[in-house]
Amino acid sequence: MTPSRLPAWDCHTHVFDDPGRRPTVPGAGYVPPVRTFEDLARTGAPHGIDRFVLVQPSVYGHDNGLLLEALRHAAGRARGVLVVPDDATEAQLAAWREQGARGMRFNAVSGGGNGMKGYRAIAPRLRAAGWHAQFFVAPESLKDLLDIVAHDGPDMVVDHLGGAADGPAFEAARDTLFRLLDSGRVWVKASGFYRYGYPQADWPEHFGELLRELTRRYPDRIVWASDWPHTWFFEPAHGQPMAYGELLKLVRDAVGDTACERILRENPRPLYD
């Protein structure tokens, strides 16, 4: 299949059910509205996105039932990043892979997140089952991943630019992200721009240089993600999220059409296809 015919991926999204039907874990931090895979597919389709990675949100803990149900409904158009118990067996991981799972998320930021304590125990099983490990950590904790990547474990994905936004305040995180990517075993998601405190109008300026540098250094290690349906903005005080198409345009404008097409179509394949 030629690159132009490969599907385009949105590599970080979530689905949610009515809290009355699917309760959230204590300390989750927000009550989600209903957002289905069909809603997601309708959102991405006008922008040429036809494949999606569903990431287990912290509000559901180890209950991956809704995500697995969405994978069934997606009929091959989606993959999953689950949160599973540390004692999950290789056979269980293999069975979930058959259903579309490709990774496990370690969330050390969100309320209700599973943290990183169980990574060492489950890492060999993740690798054996063909899963990757996805990490959501604060910028100051990004350095903790350097020791992890030095060991013989699964491939790794770093959420939301790893906290490595531009400017002097993020210099250490940015340098650490580059060291992780130098390993050849790490991908980074171009997503979560709202997490850095800049007004949306300033995002192209603040993130453009970083995206171009990542593309220059690591052209095959960047994937794009919308973070739909933007849980940060479930809190009305945070305002309104940038439109889906504008999030994609921000990356395309920063790196150009050729690099953007590679990010959308080629780079996700080792992780999800």
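How much space lies in the second largest pocket? About 150 Å³. This is a predicted model, where local features need pLDDT of at least 70, side-chain atom pairs count only at pLDDT 80 or more, and totals for chains, interfaces and linings use all residues. Residues are numbered from 1 along each chain as its sequence is written, and side-chain values use heavy atoms, with hydrogens and water left out.

**Overall build**
- The protein has ten helices and eight strands. Helices (H or I, at least four residues) and strands (E, at least two) are DSSP runs, numbered from the N terminus.
- The radius of gyration is 17 Å, close to the 19 Å that the globule rule gives for 273 residues, so the protein is as compact as a globular protein of that length. The radius is taken over C-alpha atoms, and the rule is 2.2 Å times the number of residues to the power 0.38.
- The C-alpha trace spans about 45 × 40 × 40 Å along its principal axes.
- Of the 273 residues, 53% count as buried. Buried means under 20% relative accessible area, exposed over 50%, and partly exposed in between (1.4 Å probe, protein chains only).
- Take contacts between residues at least 6 apart in sequence: 71% of them join residues at least 24 apart. Contact means heavy atoms within 4.5 Å.

**Pockets**
- A pocket is found on a 1 Å grid over the protein atoms alone: it is an open set of points where a 1.4 Å probe fits, with protein on both sides within 12 Å along at least five of seven lines. Lining residues have an atom within 4 Å of a point.
- Grid points are joined across faces, edges and corners, and a volume is the space filled by probe spheres set on the points.
- The largest pocket has a volume of about 350 Å³. Its lining has 20 residues, and Tyr-30, Ser-110, Arg-195, Thr-231 and Trp-232 lie nearest the centre.
- That lining divides into six nonpolar, ten polar and four charged residues. Ala, Val, Leu, Ile, Met, Phe, Trp, Tyr, Cys and Pro count as nonpolar, Asp, Glu, Lys and Arg as charged, and the others, Gly among them, as polar.
- The second largest pocket is lined by residues including Phe-136, Asp-159, His-160 and Arg-195. By class, its lining has six nonpolar, three polar and two charged residues.

**Nonpolar cores**
- A nonpolar core is a set of buried Ala, Val, Leu, Ile, Met, Phe, Trp, Tyr and Cys residues joined through side-chain atoms within 4.5 Å.
- The largest one has 81 residues, and Trp-131, Leu-211 and Leu-214 have the most contacts inside it. Helix H8 (residues 244–255) gives the most to this core, with seven residues.
- A second, separate core of eleven residues includes Cys-11, Val-53, Val-157 and Trp-187.

**Helix H2**
- In helix H2 (residues 65–74), the buried residues include Leu-66, Leu-67 and Ala-70.
- Among the elements covering the buried residues of H2 are helix H1 (37–44) and strand S3 (78–82).
- Ala-75 follows H2, and its phi is positive, near 55°.

- Val-53 sits in strand S2. It counts as buried, at 0% relative accessibility. Leaving aside residues up to four places away in sequence, Val-53 touches residues including Trp-9, Cys-11 and Tyr-272.
- Gln-240 is in the loop between strand S8 (222–224) and H8. It counts as exposed, at 65% relative accessibility. Not counting residues up to four places away in sequence, Gln-240 touches Gln-200 and Phe-233.
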